[in-house]
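Subject: Handover of a structure and notes on its strands

Dear colleague,

Please find below the structure that I am handing over to you. My notes on it follow.

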Amino acid sequence: MENRVERLSQLLRNLEVEIGTSDLANLILMALLDAVIALKVKNSKEFCRQFKELVNDLKNTEPKFGILNYRLDSLVKYFKETVCCQHYEEEQWKKEVVESINKILIKSHQERAKLIHEAEGLNVEHKTILIHDHSHTVHRVLKHFRSMGKHFKVVIAEQDFDKTHSNIESMHSAGIPFQVVPAYMLSHIHKEIDMLFFGGLTLKDTMDFVMDPGTLSLISEFHEEGIPVYMFIDTAKFSLWKSKKRGEIFMHKHLRTHAYQPIEYERVKYSHDRVPAKLFYRLVTNEGIFTPEELEKIFKEKMEKYERGEEID
Amino acid sequence: MEYLALAIFFSVFVFIIFDLYDKSLVALFGAFLMIVLGILGAEEAVSAIKFEAIFLLLGMMIIVNIASKSGIFQWASVKIAALTKGNPLAIFLFFSILTGLASAFLDNVTTILLIVPLTIELLRGMGKDPKPYLFSEIMFSNIGGDLTLIGDASNIIIGSASGLGFLDFIKNLWIPVLAVGIFTILAFVVFKWKDLKPHSDDLGKLFIANVIIRKIKNKFAKVSLSKSFVIKVVSIIILTILAFLIQEYLGLPNYVIAFIGAILLGILVSKKVHIHEALKSVEWTTLFFFSGLFIMVAGLEKTGLLETLSQAIASSTNNVFYLSLIILWICGIFSMILDNVPFVTVMIPVILGIQTQFPGTDTTVLWWALSMGACLGGNGTLVGGSANVVAAGLAKKDGVHISFLEYLKFGLPITTGMLLISSLYLFLRFA
């Protein structure tokens, strides 16, 4: 049996692919809430010991999810000052713990609302927007524009079956007019596209965004054509530590068989792309809309703060 | 002629056991061989097919296929998974009981297809061995299937041959089914407590379990349930079961009730599920397999071999209770190693023959013995029932390899216990 860190790593990676980083962080907190409610330990001391071990394992997973780590840091800090520094009986500590997790969840929803509010500054009226990854943040922003009565069209760049279908379902449910074009045929519609919207997993200290596979070539192509590419990202997703390796990119090798002939071949897939921030025209965050240069400055400030041990999220 | 018929029948059995060709092809080939070689006339062969059993199966398959497209079964299993809150004992109990209940009214394989992947995802994610849970689900699908006329193919065949109704099966089998169910749960809890015990004092385990439950819920949330579709499906299933229950008063045969249910559901949801789709998902090979078997057994019957067998069994004792025990155990042992349907099909004319040897005596108990032997005996080995084979296949696909011996270690003693409980029931009720 694999150990807990490996199991958690795999679970988090699968979840990130399915629901995106922001929703992953929220899901983890909600699962923690469920677990705390079901937990039966005598006092807060025992809870603190187990919580510390769990946080340690979660923070050792690969890849690291900044947004999740900062929230766990907040909880650790809060518990250190409350339930873990004095003796609490079961009902007392549970109440305290549940309330603090709920507070973080509320804050996360507020940050999400702020990002959408900042996005209102973009002019999408009668524009054609290209999307590729299945970023839930981009979906939320587009849905918000639609609910504001804006008129725009979406072109979905076709990629992996599941991700393309997730985009189609999302656009359909919001009543947004859309068209699907295979990602390798986009050169034929450069002139029809006014802007591109993307979401990202994180921003590294190298000023590279970790994004869905296939995005680097697509963004480079449109950047070359001078068509504005926008990134929508919560600043809580930034990886505020020195990146040591390309730990977030996983290679999946598997054997495939030819559809009609008995030919077996090795197929290689990669989990993510690294995309330089400078390829983006603007970066829309919960703290405002920035140029790549401005964002680098903000990133460095946050990183210094993090290194000093100050609270980020 | 007798030897020729026997040779064809046993050759077909061997081909089925070793899975050399699809069993429907083998059974149909054997049936046509009997016609071509003159053992049975063509008209006799057609009239040997028990169309009431075939139509009842067909009707239920259509209902289940359409119903599964509504997402209601997925919804129910996800809800149950959420209710367990990641507690291993609750997962074991809820999933086993759900499998048993669902198998009583739906097809066993459909139930297994739904429950097994969910169980593996949940348990493996939690770092637990899913095998004890899967073994229990396999067993409960066979136990639940024994409860009703529509729960297992062998019961459908028994029902159509004996004229026993839906309510008769429930009235006579609920006690042994319940007792066997409790026994199975207790056996697993006692011998596999290490794998099943709740971990309510372990935050890490609770956390991982709840992450997986939320992941499963989230995956299901993407599937949009159509309220009207679900209402129509649930209403038709309830109405069909109610009609089965009051079949005596309605005066309609079971297959007519199932077919009316299927047709009504097909009409009501025609905009959601095209009837072509529903018919495509019918297991036609199973229906052809049964047809072939019916013809072959008729061929054997015509040669007088089965009558001789009936007389031999009947002459071994003049006590119907002892006869029922013989049938229970022979059928139970055969069902452990063979597909129970061919065996039950052979046993039908044998039991009908035995009944003629006991005029004026109530010999219904023999049918219950046959049903319990066929359904519960299937739990003995990994090849004892279609649910067992399908569950092992699904598990293998998900990286959980269940070996024949691994299952046998659990299956054989527990099935022996089940057959002992069934014997006790027969003794208390009919001795």
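For the angle given below, axes are lines fitted to C-alpha atoms, for helices over the stretch in contact, and angles run from 0 to 180 degrees between N-to-C directions. With that convention, helix H8 of chain A (residues 215–224) lies across S6 and S10 of chain A and runs at about 25° to S10(A).

Please note that this is a predicted model. Its scores are ipTM 0.82 and pTM 0.78. For chain B, the mean pLDDT is 89, and 100% of the residues reach 70 or more.

Strands S6 and S10 belong to an open sheet of three strands in chain A, ordered S5-S6-S10 and paired antiparallel. Strand S5 (202–203) and strand S10 (273–276) of chain A each have a single partner strand and stand at the edges, so one side of each lacks a neighbour in the sheet. Two bridges join S5(A) to strand S6 (residues 208–211) of chain A in the antiparallel sense; Leu203(A) has Phe209(A) in S6(A) as its bridge partner.

A further set of strands in chain A involves parallel pairing. Strand S1 (residues 127–131) of chain A is largely enclosed by the rest of the structure, because four of its five residues are buried. S1(A) pairs in parallel with strand S2 (residues 152–158) of chain A over five bridges, and Leu130(A) stands opposite Val155(A) in S2(A). Between S1(A) and S2(A), the chain passes through helix H6 (residues 136–147) of chain A in a right-handed β-α-β crossover. S1(A) also pairs in parallel with strand S4 (residues 195–199) of chain A, over three bridges; there, Ile129(A) stands opposite Met195(A).

How values were computed
Residues are numbered from 1 along each chain as its sequence is written. Chains are lettered from A and ligands numbered from 1 in the order in which they are written. This is a predicted model: local features need pLDDT of at least 70, side-chain atom pairs count only at pLDDT 80 or more; totals for chains, interfaces and linings use all residues. Side-chain values use heavy atoms; hydrogens and water are left out. pLDDT is the predictor's confidence in each residue, from 0 to 100. Two strands pair if DSSP finds at least two bridges between them. Contact means heavy atoms within 4.5 Å. Buried means under 20% relative accessible area, exposed over 50%, partly exposed in between (1.4 Å probe, protein chains only). A crossover is right-handed if, with the strands pointing away from the viewer, the path from the first strand over the helix to the second runs clockwise.
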